[in-house]
Amino acid sequence: MSLSDKLFKIAKNHIPGGVNSPVRAFRNVDGEPFFVRRAKGSRIETVDGVHLIDYIGTWGPAILGHAPETVIHAVHNAAKDGVSFGIPNPYEVEMAQLICDWVPSVEKVRMVNSGTEATMSALRLARGYTGRDLVIKFEGCYHGHVDSLLVAAGSGALTHGRPDSAGIPAQLAELTITLPFNDPEALEKVMEAKGDQIAAIILEPIPANAGLFFPKEGFLEFLREITAKHGIVLVFDEVMTGFRLAKGGVQERFGVTPDLTALGKVIGGGLPVGAFGGKAEIMDQLAPDGPVYQAGTLSGNPLALAAGLAQLKELDTNKGFDQLEAIGQRLEDGVRNILKTLGKDYTFHRIGSMFCLFFSESPVYDLETAKQADGEAFKRFFHHALEAGVYFAPSPYETGFLSLAHSSGDIDDTLEVMEAALRHALG
Ligand code: KE4
């Protein structure tokens, strides 16, 4: 029995499912997780001494690669002066200035400790600011485990949502309307009937939690217009895309400015950080100035912000976004060559350092089309790649992440493994 197996056996006695976050349990690939000993750059070392090229990067934060020297140094330096204060500290001011400077929609920002806290707080703020109760989200978009957002679509476009998890009161789920992504007609129907009751529309502007797919031409602009028309707060959940797809995230890349933005992952350099920000007029509704309560013991933690600031500055000074684009292009060119060789027209999506291979030869533009992919082929591919030393997300409904630490050699080795894994998966 491997040490990973031994640890997992013990873990299951003390931690639900043996994991502190469900996706880590490898249930989507009918497997059992390995345990990590350490990680550096593009590589992970398991507790059994196996070395893997990592394409998850702790689900997004490790954009420089694992344990970058600049982050380690910043955390070490900050820790010598104290690990937590619960008192305003200079790191908070510097981080707030940086976010307001980099993200087009953000005039004021509040730090929190996770992406879930960021989206949850943004939603409460939108409801408090508008005095309205209903919210709209889209199928396939994930915004953390917020009660109001773990809601599946109702039976029809106009019907209210139903809980997508146990423990969520039906009365609460009914305040959320879940619609198909990239479907303006469905949204227009709801607007005609209930536009003046909607507090917020929240979305991942580029959904990356059902695999990775893109807004159709004009969809984001349509959302911006229709929310402005009805006095609805437009919330971009850029927890995954923020500071990864551009300095200013998707909103900079696509030139569509939301009212509020949720952020996380990259801004903590791997430590627990989230943030939400936007128009000062809306943000000023937050306590202690305004009536919308929101708080956090560790919000603005000096270690987490020191790590995030070091990571963001390194990303920017080294023209990191251009480098990530070049690394991503190398991977994409290689994958498309492999698919051509295999005669498989699988859908491969990439934008910047985010990518996803759907085991489907049809276009993917929402949750329903993402679900058409061949899950069994994905499982065979995943395990074959893992055995060969390449770690992709243990679910077809996730996204791959590149970092500045992924060398050309890593990409070329990965492409070799991908080709063999695809041949194996296709039988
Ligand atoms: P956290 O609460 O996990 O920090 O962030 C929630 C969240 C919010 N918004 C978006 C767009 C997200 O992708 C996430 C979390 N992403 C998942 C990966 N699909 C985290 C991995 C996990 O749940 O363990």
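## Cavities in the model

Two cavities of 30 Å³ or more are found in the structure, where a cavity is a set of points, on a 1 Å grid over the protein atoms alone, at which a 1.4 Å probe fits but cannot get out. This is a predicted model, in which local features need pLDDT of at least 70 and side-chain atom pairs count only at pLDDT 80 or more, while totals for chains, interfaces and linings use all residues. Residues are numbered from 1 along each chain as its sequence is written, and side-chain values use heavy atoms, with hydrogens and water left out.

## The largest cavity

The largest cavity holds about 170 Å³ of space, a volume being the space filled by probe spheres set on the grid points, which are joined across faces, edges and corners. Its lining is made of 14 residues, and those nearest the centre are Phe 355, Cys 356, Leu 357, Phe 378 and Phe 392; a lining residue has an atom within 4 Å of a point. Two or more lining residues come from each of the elements β14 (354-358) and α13 (375-387), and β14 gives the largest share, 3 residues. Such elements are DSSP runs numbered from the N terminus, with helices (H or I) of at least four residues and strands (E) of at least two.

By type, the lining of the largest cavity has 10 nonpolar, 3 polar and 1 charged residues. Here Ala, Val, Leu, Ile, Met, Phe, Trp, Tyr, Cys and Pro count as nonpolar, Asp, Glu, Lys and Arg as charged, and the others, Gly among them, as polar.

## The second largest cavity

About 50 Å³ of space lies in the second largest cavity. It is lined by 13 residues, of which Asp 54, Gly 57, Ala 62, Ser 403 and His 406 are the closest to its centre. This lining divides into 4 nonpolar, 7 polar and 2 charged residues.

In strand β11 (residues 260-264), 5 of the 5 residues are buried, that is, under 20% relative accessible area with a 1.4 Å probe and protein chains only. In a regular strand the side chains alternate between the two faces of the sheet. On one side of β11 lie Leu 260, Ala 262 and Gly 264, on the other Thr 261 and Leu 263, and all of them are buried.

Strand β10 (residues 233-237) runs parallel to β11 and is joined to it by 3 bridges, with Val 235 paired to Leu 260; two strands pair if DSSP finds at least two bridges between them. Together with helix α8 (residues 249-254), β10 and β11 make a right-handed β-α-β unit, meaning that, with the strands pointing away from the viewer, the path from the first strand over the helix to the second runs clockwise. Strand β12 (residues 274-278) runs antiparallel to β11, joined by 5 bridges, and Gly 274 in β12 stands opposite Gly 264.

Terms used:
1 Å grid on protein atoms, 1.4 Å probe; cavity = no way out; pocket = protein on both sides within 12 Å on 5 of 7 lines; lining within 4 Å. Buried < 20%, exposed > 50% of the residue type's maximum accessible area, 1.4 Å probe, protein only.
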